[in-house]
Amino acid sequence: MPEHCGAFSCSNRRTIANRARGITFHKFPKDKDIRKKWEVALRREGFTASDSSVLCSQHFKQGDFDRTGQIVRLRDGVIPSIFSFPVHLQRLEKGRATSTSRRAEESLSMASLDSQEMATSSPQPQPNDDHGYALPASPTALKTRLNEALARVESLEREKKNSMAREKRAKTTVKSLLGDLREKNLINEELKEKLEFYSDLQIDLMAKQGHEYTKDYREFALTLHLHGPKAYKYLRETRHFPLPHPHTIQR
């Protein structure tokens, strides 16, 4: 499985830190037409995506995602649109001659002519040259941009909140749980002393390394399941920590 994003100059990789930041990775579509649009959007000369090529979530708009399930997925037919291209690739966009781009250019030309005629008939206040930006002339367009900005801010706030929650869970160690398990009478004092040997293990980060669990992970899981099955069930089913299934323990 690829470890890095395939977008131009993007350095995001599959790491625990990026996962905690809410960055997800998505394979190229199987549909040939959509897949080709993804490849064109990347503007990487000679690039052809393989079945395992991926892009990270930072190249898609918030509305492109389906977050209703446990796994973040892309909606059908979405195209990546957020990139940081160098100048020579940005200019390529102006040279495209698709029917859609031609229609867009014609519309812009007509709008420009209308604006010039209005300016001639009724002089407007001169813009302040000290500013390098311009607001849309249409109130509707301005409202649309404002709504998009507010939606983006709300989305970033949700991502920040989720990231902080994941980081908090990631810092949950065995030591911080032992007192809770003891108070709930899920483990006795003798088992608590045994488990204190693994006190520095971070529960929520005890994921698989490749296809094998780490040695400390296996020992902790085996000890807890053998001497405290109720505590094991509580952590796995109620607290949703990534402990292996009891059948895996038996094997």
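Good morning. I begin with His-59, which, leaving aside its neighbours within four places in sequence, is in contact with Cys-5, Ala-7, Cys-10, Pro-80, Ser-81, Ile-82 and Phe-83; contact means heavy atoms within 4.5 Å. The model is predicted: local features need pLDDT of at least 70, side-chain atom pairs count only at pLDDT 80 or more, and totals for chains, interfaces and linings use all residues. Residues are numbered from 1 along each chain as its sequence is written, and side-chain values use heavy atoms, with hydrogens and water left out.

His-59 sits in the loop between β2 (54-56) and β3 (65-66). Helices (H or I, at least four residues) and strands (E, at least two) are DSSP runs, numbered from the N terminus. With a relative accessible area of 7%, His-59 is buried; the term means under 20% relative accessible area, computed with a 1.4 Å probe on protein chains only. A polar atom of the His-59 side chain lies 2.8 Å from the backbone oxygen of Ile-82.

The second residue is Leu-42, in helix α2 (residues 32-42). Leu-42 has 0% relative accessibility and therefore counts as buried. Apart from neighbours within four places in sequence, the contacts of Leu-42 are Gly-6, Ala-7, Phe-8, Phe-28, Phe-47, Leu-55, Phe-83 and Phe-85. Of these, Phe-85 is 43 residues from Leu-42 in sequence, and their C-alpha atoms are 9.1 Å apart.

I turn now to a pair of helices. How do α6 and α9 pack? Helix α6 (residues 174-183) and helix α9 (residues 229-238) have axes 11 Å apart, at an angle of about 120°. Axes are lines fitted to C-alpha atoms, for helices over the stretch in contact, and angles run from 0 to 180 degrees between N-to-C directions. The angle makes α6 oblique to α9, a term for angles that are not under 35 degrees (roughly parallel), over 145 (roughly antiparallel) or 65 to 115 (roughly perpendicular).

Which residues meet here? Leu-177, Asp-180 and Leu-181 in α6 meet Ala-231, Tyr-234 and Leu-235 in α9. The residues of this contact divide into 5 nonpolar, no polar and 1 charged. Ala, Val, Leu, Ile, Met, Phe, Trp, Tyr, Cys and Pro count as nonpolar, Asp, Glu, Lys and Arg as charged, and the others, Gly among them, as polar.

Finally, the whole chain. The protein chain has 10 helices and 4 strands. Of its 251 residues, 27% count as buried. Among contacts between residues at least 6 apart in sequence, 59% join residues at least 24 apart. Thank you.

Note on methods. Buried means under 20% relative accessible area, exposed over 50%, partly exposed in between (1.4 Å probe, protein chains only). A polar contact is a pair of N or O atoms within 3.5 Å; within protein, one must be able to donate a hydrogen and the other to accept it, and residues adjacent in sequence count only if both atoms are side-chain atoms.
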